[in-house]
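Visitor: I'm new to reading protein structures. Could you walk me through this one, step by step?

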Amino acid sequence: MQLEERLEREVFPLTKLPDGLLIEVFSRLQSDHLTRCSSVCKKWASLCEAVFSKICTARGWVLPRHPRRAAGAAVLLNDLPWRALYCRRACYACLKLGDYPVRKFSGSSRAGPMLFLIC
């Protein structure tokens, strides 16, 4: 048996699950775990994007007409506008939503100091 076949059968059984079931599983995850799952692969990123879309629209958030593209931002994050919208409104450390104060960090950003919400 070839290594690729064995890996797919033993290690990656989640690839065989239907998308609807994976979306149901992802919708029950906490936001920090959902964000990590969206970084696993492109398929999971698109499925998690559907969950982020439901979360954001339930809160009445809408996407900007022309999303800003940050310099040096990953292409994948730009392809996930609902995840990016959620992350901009959540705590930077734990990714939970709430009314958090804005804190400035003087990082090495071309646009000046970076702003983060921190609980």
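Predicted model: local features only at pLDDT ≥ 70, side-chain atom pairs only at ≥ 80, totals over all residues.

**A guided tour**

Visitor: Which residue's side chain meets that of aspartate 19 in a salt bridge?
Guide: Aspartate 19 sits in helix α2, and its partner lies 24 residues away in helix α4, so the pair links distant parts of the chain. From N to O, the gap is 3.4 Å. The partner of aspartate 19 is lysine 43.

Visitor: Is lysine 43 buried, partly exposed or exposed?
Guide: Buried means under 20% relative accessible area and exposed means over 50%, with partly exposed in between. Lysine 43 has a relative accessibility of 34%, and aspartate 19 has 37%, which counts as partly exposed. Lysine 43, too, is therefore partly exposed.

Visitor: And which residue forms a salt bridge with glutamate 24?
Guide: Here the closest N and O atoms are 2.7 Å apart. Glutamate 24 is partly exposed, with a relative accessible area of 37%.

Visitor: Let's look at helix α2 itself: which of its residues are buried?
Guide: Helix α2 covers residues 19-27. To count as buried, a residue must have under 20% relative accessible area. In α2, the buried residues are Leu22, Ile23 and Phe26.

Visitor: Within what arc do the buried residues of α2 fall, seen down its axis?
Guide: An α-helix has 3.6 residues a turn, so residues three or four places apart point the same way. The buried residues of α2 line one face of the helix, because they fall within an arc of 100°.

Visitor: Which helices are included in what covers those buried residues of α2?
Guide: Two helices can be named here, one at residues 31-37 and another at 42-58. Among what covers the buried residues of α2 are α3 and α4.

Visitor: What percentage of the residues in the protein chain is buried?
Guide: The protein chain has 119 residues. It exposes about 8,800 Å², with carbon and sulfur atoms supplying 57% of that area. As for residues, the buried share is 25%.

How values were computed
Residues numbered from 1 in each chain as written. Heavy atoms only, no water. Buried < 20%, exposed > 50% of the residue type's maximum accessible area, 1.4 Å probe, protein only. Helix = DSSP H or I, 4+ residues; strand = E, 2+ residues; numbered from the N terminus. Arc of directions from axis to C-beta. Contact = heavy atoms within 4.5 Å. Areas by Shrake-Rupley, 256 points an atom, 1.4 Å probe, with all protein chains shown as cover. Salt bridge = Lys/Arg side-chain N within 4 Å of Asp/Glu carboxyl O.
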